[in-house]
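Have the 3D view ready as you read.

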Amino acid sequence: MTEEKLHCVYALIESQRLHPHEEYEEDKIQEVLKDIIHRKCVCEPVLVDDTHMVILNGHHRYESLKRLKVRYIPVFLVNYDSDDIKVERWPNAKDHVSKEEVIRRGISGQLYPPKTSKHMFSFHIEPVKTKLEILY
């Protein structure tokens, strides 16, 4: 019996369809914004649960792109139920973290503070550069 590999599907998704589960840090937003504007591209898609469209990784990229008023966000869609994705909390975080809670917070809008959840993947995702101009 062979173990099934997790599928990551690259897509351009309308920004309003995505749901963050964590707040962001303003300093980091400014840093990411400068990088995207300088490079004229997004070097790494946002990682998103394919069922609920909750952002798992890439909150600062998502918020930066929203501020640039793009229509589409480059994403990798993944099955969050997969055992290839684990979540725990960062050492300084106080809130309980689980996959169910990440989804609940994303759907409800009751966001975790920044750097609460830490997602780990047992697979490698190749970066995909997406030109900024096609996101409008």
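Here is a short briefing on ring pairs and on charges over rings.

This is a predicted model, in which local features need pLDDT of at least 70, side-chain atom pairs count only at pLDDT 80 or more, and totals for chains, interfaces and linings use all residues. Residues are numbered from 1 along each chain as its sequence is written, and side-chain values use heavy atoms, with hydrogens and water left out.

**Aromatic pairs**

- Searching the whole structure turns up two aromatic pairs; rings of Phe, Tyr and Trp (its six-membered ring) pair if their centres lie within 6.5 Å, and planes under 30 degrees apart count as stacked, over 60 as edge-to-face and the rest as tilted.
- Tyr-10 and Phe-76 form an edge-to-face pair, because their ring centres are 6.1 Å apart and their planes stand at 70 degrees.
- Tyr-10 belongs to strand β1 (residues 9-14) and Phe-76 to strand β5 (residues 72-78), so this pair ties together parts 66 residues apart in sequence; strands are DSSP runs (E, at least two residues), numbered from the N terminus.
- Phe-121 and Phe-123 make a tilted pair, with ring centres 5.4 Å apart and planes at 55 degrees.

- Phe-76 is buried at 8% relative accessible area, while Tyr-10 is partly exposed at 33% (buried means under 20%, exposed over 50%, partly exposed in between, with a 1.4 Å probe and protein chains only).
- Phe-121 is partly exposed at 27%, and Phe-123 is partly exposed at 21%.

**Charges over rings**

- The charged end of Arg-105 sits over the Tyr-112 ring, 4.1 Å from its centre (NZ of Lys or CZ of Arg must be within 6 Å of the ring centre and within 35 degrees of the ring normal).
- Lys-118 lies over the face of Trp-90, 4.7 Å from the ring centre.

Terms used. Helices (H or I, at least four residues) and strands (E, at least two) are DSSP runs, numbered from the N terminus.
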